[in-house]
Amino acid sequence: TKCESGCVCADGLYENLDGRCVPAEECPCEYGGLAYGKGEQIQTECEICTCTKGKWKCVQKSKCSSTCNLYGEGHITTFDGQRFVFDGNCEYILAMDGCSVNRPVSSFKIVTENVICGKSGVTCSRSISLYLGNLTFVLRDETFTISGENPGVRYNVKKNALHLMFDIIIPRKYNMTLIWNKHMNFFIKISRETQETICGLCGNYNGNMKDDFETRSKYVASNELEFVNSWKENPLCGDVYFVVDPCSKNPYRKAWAEKTCSIINSQVFSACHNKVNRMPYYEACVRDSCGCDIGGDCECMCDAIAVYAMACLDKGICIDWRTPEFCRKF
């Protein structure tokens, strides 16, 4: 609609976003409300796209990764994109391999310890443990510890103002990046060189979200609570029977939660709105902001917004949404 020959420019030339007439080779491409010049690239988890004559030409990456998110008060998005919420007070297996009956040996296991973090009964992750044979990572209290060793695993730890990032390579099997915001948000990004079965609360990573609620006993549960209860690390923990609605229990917080979370629906994130559906993130933000009633309420709200910002970043849209007055960087 913005690059049309013969209307403003001479035949064979096209008007670009600056109003200049240029040949087709120099026409810009648009993505997320931003203009990209000839030859510029954007990347998503599975594609690399190059601007060519005003249009994006995309090629699949040879290795495509997928991400599982655990964030806020028990929100999970599986590797295949299934979403659910749970309020379990126990340790749960997020992801592991070696799930098939034929090959029961596991090369990695990621466990979350969930604790009650609100008077209404909502729970959130207090610590994350990663087991790689005899090598163990524990993420807790805004820091991490590493114990043991596994010569068959390579890893690298990086830090920035907001995150701890762990790059882990299990040769001929997996490349993993774990991203932790040192609070309640945890991202597991995996690309694999094997068709080894994966299981846990992050789902079975087979490209089909409809069977993601596969239990430890290898059948698809009828609801998420049955599924969640099957992945308890400690079978002595109590089962989860219902999901708390903190805004119903704390109605006095709902108006504040809706107001502060509305930044997700605002112009600040407009470049991302047609790339990532914002409503699940807005609803999660409102729920968490209602539920965080034992201090740290702004932290819960900021963590929830940060998850939407991360989803936008995965689509190549970088949003500068933090300010000194709103969810400032520490």
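Is Phe86 buried or exposed, and what is its relative accessible area? Phe86 is buried, with a relative accessible area of 0%, where buried stands for under 20% relative accessible area, exposed for over 50% and partly exposed for what lies in between, with a 1.4 Å probe and protein chains only.

## Basis of the model

The model is a predicted one, in which local features need pLDDT of at least 70 and side-chain atom pairs count only at pLDDT 80 or more, while totals for chains, interfaces and linings use all residues. Residues are numbered from 1 along each chain as its sequence is written, and side-chain values use heavy atoms, with hydrogens and water left out.

## Overall form

The protein chain holds 6 helices and 20 strands, these elements being DSSP runs numbered from the N terminus (helices are H or I with at least four residues, strands are E with at least two). The radius of gyration of the protein chain is 22 Å, close to the 20 Å that the globule rule gives for 330 residues, so the chain is as compact as a globular protein of that length; the radius is taken over C-alpha atoms, and the rule is 2.2 Å times the number of residues to the power 0.38. Along the principal axes, the C-alpha atoms fill a box of roughly 75 × 55 × 40 Å.

Of the 330 residues in the protein chain, 48% are buried. Among contacts (heavy atoms within 4.5 Å) with a separation of 6 or more, 48% come from residues 24 or more positions apart. The accessible surface, computed by the Shrake-Rupley method with a 1.4 Å probe, with only the protein chains shown counting as cover for residues, comes to about 16,300 Å², and carbon and sulfur atoms hold 50% of this area.

## Aromatic pairs and cluster

A search of the whole structure finds 15 aromatic pairs, for which rings of Phe, Tyr and Trp (its six-membered ring) must have centres within 6.5 Å, with planes under 30 degrees apart counted as stacked, over 60 as edge-to-face and the rest as tilted. The rings of Phe84 and Phe213 have centres 5.5 Å apart and planes at 85 degrees, so this pair is edge-to-face. The pair links distant parts of the chain, since Phe84 belongs to strand 10 (residues 83-85) and Phe213 to the loop between strand 20 (198-199) and helix 1 (224-230), 129 residues apart. Both Phe84 and Phe213 are buried.

The rings of Phe86 and Tyr92 have centres 5.3 Å apart and planes at 75 degrees, so they too form an edge-to-face pair, and Tyr92 counts as buried at 0% relative accessibility. One aromatic cluster is formed by Phe84, Phe86, Tyr92, Phe213 and Phe227. Phe227 is also touched by Thr215, as are Ala221, Ser230 and Trp231, not counting residues up to four places away in sequence; Thr215 lies in the loop between strand 20 and helix 1 and is buried, with a relative accessible area of 2%.

## Charges over rings

Arg83 lies over the face of Tyr281, at 4.7 Å from the ring centre, and Arg192 over the face of Tyr205, at 3.9 Å from the ring centre. Such a placement requires NZ of Lys or CZ of Arg within 6 Å of the ring centre and within 35 degrees of the ring normal.

## Strand pairing

Strand 5 (residues 41-43) and strand 6 (residues 47-52) run antiparallel and are joined by 3 bridges, where pairing asks that DSSP find at least two bridges between two strands. Gln41 stands opposite Thr50 in strand 6. Strand 6 is joined to strand 7 (residues 55-60) by 6 bridges, again antiparallel, and Cys51 stands opposite Trp56 in strand 7. Strands 6 and 7 form a hairpin with 2 residues between them, and Lys53 in the turn has a positive phi of about 55 degrees.
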